[in-house]
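This briefing describes the fold of one protein chain for a reader who is new to structural work. Please keep the sequence and the structure in view while reading.

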Amino acid sequence: TPAVSLLRSYISKLMRVAIADGRVFLGMFACIDKDRNLVLVNTEEFRIGVAPRQGQMGEGGRYVGMVMIPWKHVVSAEVE
């Protein structure tokens, strides 16, 4: 189908996903499952606008590797 073809064209493209708790994930799109959970690889996590506490990250990101993001938490998803 056209939707599947579109998703296939996104594989290995850089994707930015914002979730409801204020975090943003920047990583390579790997796949999506039937429940619309997104899987990103080589991913960095950012907390935008949150003052860092000791031992936590600030405006810089932290490497988290592979992540699975449930669609119910996604606020926005963009492919660059």
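In strand β5, Ser76 is the bridge partner of Ala18. This pair belongs to an open sheet of five strands, ordered β4-β3-β2-β1-β5 with antiparallel pairing. The model is predicted: local features need pLDDT of at least 70, side-chain atom pairs count only at pLDDT 80 or more, and totals for chains, interfaces and linings use all residues. Residues are numbered from 1 along each chain as its sequence is written, and side-chain values use heavy atoms, with hydrogens and water left out.

**Confidence**

- The score called pLDDT is the predictor's confidence in each residue, from 0 to 100.
- The protein chain has a mean pLDDT of 90, and 88% of its residues reach 70 or more.
- Confidence is highest in β1, at 97, and lowest in helix α1 (residues 2-10), at a mean of 93.

**The sheet as a whole**

- Helices (H or I, at least four residues) and strands (E, at least two) are DSSP runs, numbered from the N terminus.
- Two strands are said to pair if DSSP finds at least two bridges between them.
- Strands of a sheet pair through backbone hydrogen bonds, either parallel or antiparallel.
- In the order β4-β3-β2-β1-β5, the edges are held by β4 (62-69) and β5 (74-79); each has a single partner strand, so one side of each is left without a neighbour in the sheet.
- On average, neighbouring strands of this sheet are turned by 30° against each other, direction ignored (axes are lines fitted to C-alpha atoms, for helices over the stretch in contact, and angles run from 0 to 180 degrees between N-to-C directions).

**Strand pairs and hairpins**

- Strand β1 (residues 14-19) is joined to β5 by five bridges, and the two run antiparallel.
- Five bridges also link β1 to strand β2 (residues 23-32) in antiparallel fashion, and Leu14 stands opposite Met28 in β2.
- The hairpin of β1 and β2 has three residues between the strands, and Gly22 there takes a positive phi near 100°.
- Between β2 and strand β3 (residues 38-47), which run antiparallel, there are eight bridges.
- Cys31 has Val39 in β3 as its bridge partner, while Ile32 stands opposite Leu38 in β3.
- Five residues lie between β2 and β3 in their hairpin, where Arg36 in the turn has a positive phi of about 70°.
- Six bridges connect β3 to β4, which run antiparallel; Leu40 faces Val67 of β4 as its opposite residue.

**The nonpolar core**

- A nonpolar core is a set of buried Ala, Val, Leu, Ile, Met, Phe, Trp, Tyr and Cys residues joined through side-chain atoms within 4.5 Å.
- The largest such core has ten residues in all: Met15, Val17, Ile19, Phe25, Phe29, Leu38, Leu40, Val67, Ile69 and Val74.
- At least two residues of this core come from each of β1, β2, β3 and β4, and β1 gives the largest share, three residues.
- Leaving aside neighbours within four places in sequence, Phe25 is in contact (heavy atoms within 4.5 Å) with residues including Met15, Val17, Ile19, Leu40, Val67 and Ile69.

**A buried loop residue**

- Asn37 is placed in the loop between β2 and β3.
- Its relative accessibility is 15%, so Asn37 counts as buried (under 20% relative accessible area, with exposed over 50% and partly exposed in between; 1.4 Å probe, protein chains only).
- Beyond its neighbours within four places in sequence, Asn37 is in contact with Cys31, Ile32, Met68, Ile69, Pro70 and Trp71.
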